[in-house]
Amino acid sequence: MASATPKQVGANEKIVIGLIGCGGMGASNMRSLMGHPEVEIAALCDVDTRRIPGDYKTVEDKYNRKPEIYRDYRKMLERKDIDAVIIGTPDHWHALNLIDACDAGKDSYCEKPLSHNLVESVKMAEAARRTKRVVQCGTWQRSTREFTDAIAYVRSGKLGKIVHCRAWIADGTRIGKKQPSAVPSSFDYDMWIGPAKMVPYQDNKVHWNWRWVMNTGGGLTTDWGVHMMDIALLGMSADQNLVMPTQVSAFGGNWAISDDDRDAPDTTEAILRFEDPDFVMTWSVLRDHPGKPGHCTEFVSADGRTVRVWRGGWMILDADGKEIPKEQADPVPTDHWRNWLDCVKTRQKPRADVSSVAQTTIVCHLVNCALYSGETVRWDNRRQDLIGNAGRDTLAYQRPYRGPWRLP
Ligand SMILES: NC(=O)c1ccc[n+]([C@@H]2O[C@H](COP(=O)([O-])OP(=O)(O)OC[C@H]3O[C@@H](n4cnc5c(N)ncnc54)[C@H](O)[C@@H]3O)[C@@H](O)[C@H]2O)c1
């Protein structure tokens, strides 16, 4: 798309927003944003018209005005009155949606994980930088009290020297087994597949379930790794510019769930080596973790104390596993959507800035590069690329785009 001159939203002006992808999270983000008085939702875009009616009614009732409906997001981006977009499409569409939005002069609230593969993450962060766009990513844990408090405590040095981080997700979702079938008339399946590989339509591999299929998602390592490893990386960094691993190894496969169309690994154990400071992180995709939260991040200090944080709480444990008193360090953060709207007006970096979430998403992709190549992959943070060939020949590193789609 040709670059457009971005419109600057004034301090007291409305922020006019369009939604790309009216599924579960796109609609949820839209509803969160509609709670803020300066937001006006003007347009909805989806390639499946079955997904629009509920959102249409919500928007019409709130603004007493019919939102414009689009099937092709590029048409929506041509509108001069739209300041910003919510990107709630599946992961395989984020790169094109976001880069096109940047080039059209729109700010974005883009869902996590930032991308389907590593090269896309690098290009997306570059596009936002080049066009000076404000891009908040959907890693909303960065704006909730338990995570900000735990991160502040770890960063304060009170836990001492940290030598080990652990992050995990326990999940055993199945998508069942189905035969290909006719595409519903409401659904533009060719546009839904977009830059991914064309495969016969199966209704258990599209809405929501695409995340269990590596052609369109990255499995739990990107879906949840981008939340839980993000917290470890933030805790181990002074700010949003994250410490990055130098080497990553991973093992796993589809060993727990059989007789199912899902091809994303149900089992993964990854080891990530960091050098400045020296520590290791493990990332686990498990079936269950009895006695521990189903998703979690832990920081372990040299003297054996642990900070454990999950959605709903955080705790400090001594070396014997006994809980010790904690403190609330930070003021309650503004909500994640409020933070984006404020930054759209002030042009500051939001709390989950695209350049930072690109780093976390790259870490997730490095795990999948290592898993699928069976090799230890090495990361050159200065060059923003792998060192050598290990991991390069994987879908997690880069995908061939199905024409006519092309990664700019
Ligand atoms: N932040 C969070 O906690 C969180 C939670 C759930 C999902 N997500 C993320 O939100 C995104 C969407 O996930 P979901 O569960 O809502 O998926 P979903 O399948 O329910 O919704 C995606 C929607 O996008 C539409 N779509 C696909 N391609 C499109 C295109 N080119 N143009 C317009 N619309 C298109 C689909 O038809 C569908 O309605 C994913 O990136 C996911 O990882 C984030």
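**Reading the model, feature by feature**

Modeller: Let's begin with R383, which has 42% relative accessibility and counts as partly exposed. Please keep in mind that this is a predicted model.

Colleague: Which residue forms a salt bridge with R383, and how far apart are the closest N and O atoms?

Modeller: The general idea comes first: side chains of opposite charge can pair when their charged atoms come close. Here, the partner of R383 is D380, and their closest N and O atoms are 3.2 Å apart. D380 has 17% relative accessibility, and buried means under 20%, so D380 counts as buried.

Colleague: Which parts of the chain are linked by the salt bridge between R338 and E38?

Modeller: In that pair, the closest N and O atoms are 2.5 Å apart. E38 counts as buried, at 13% relative accessibility.

Colleague: How many salt bridges does a search of the whole structure find? And which residues are linked in a network?

Modeller: The search finds 28 salt bridges. R166, K292, E298 and R308 are linked in a network of them.

Colleague: Which helix gives the most to the lining of the largest pocket?

Modeller: That is α4, with four residues. At least two lining residues come from each of α1, α4 (91–103), α7 (189–193) and α8 (219–223). Sorted by class, the lining has 17 nonpolar, 11 polar and 10 charged residues.

Colleague: Why does the largest pocket lie between domain 1 and domain 2?

Modeller: Both domains give residues to its lining, so the pocket lies between them. Domain 1 covers 15–141 + 340–353, and domain 2 covers 145–177 + 188–331 + 360–387.

Colleague: Now the backbone. Which peptide bonds are cis?

Modeller: As background, most residues other than glycine have a negative phi, and most peptide bonds are trans. In this model, the bond from D276 to P277 is cis, with omega near 10 degrees. P277 belongs to the loop between β9 (267–275) and β10 (278–286). G403 and P404 are also joined by a cis peptide bond, with omega about 0 degrees. P404 lies in the segment after β16 (385–387).

Colleague: What is the phi of N64, and what is the phi of W208?

Modeller: N64 has a positive phi, near 55 degrees, and lies in the loop between α2 (53–63) and β3 (68–70). W208 also has a positive phi, near 65 degrees, and its place is in the loop between α7 and α8.

Colleague: Are N64 and W208 buried or exposed?

Modeller: N64 is exposed, with a relative accessible area of 72%, and W208 is exposed at 54%.

Terms used: Residues are numbered from 1 along each chain as its sequence is written. This is a predicted model: local features need pLDDT of at least 70, side-chain atom pairs count only at pLDDT 80 or more; totals for chains, interfaces and linings use all residues. Side-chain values use heavy atoms; hydrogens and water are left out. A salt bridge is a side-chain nitrogen of Lys or Arg within 4 Å of a carboxyl oxygen of Asp or Glu. Buried means under 20% relative accessible area, exposed over 50%, partly exposed in between (1.4 Å probe, protein chains only). Ala, Val, Leu, Ile, Met, Phe, Trp, Tyr, Cys and Pro count as nonpolar, Asp, Glu, Lys and Arg as charged, and the others, Gly among them, as polar. Domain bounds come from an automatic or database domain assignment.
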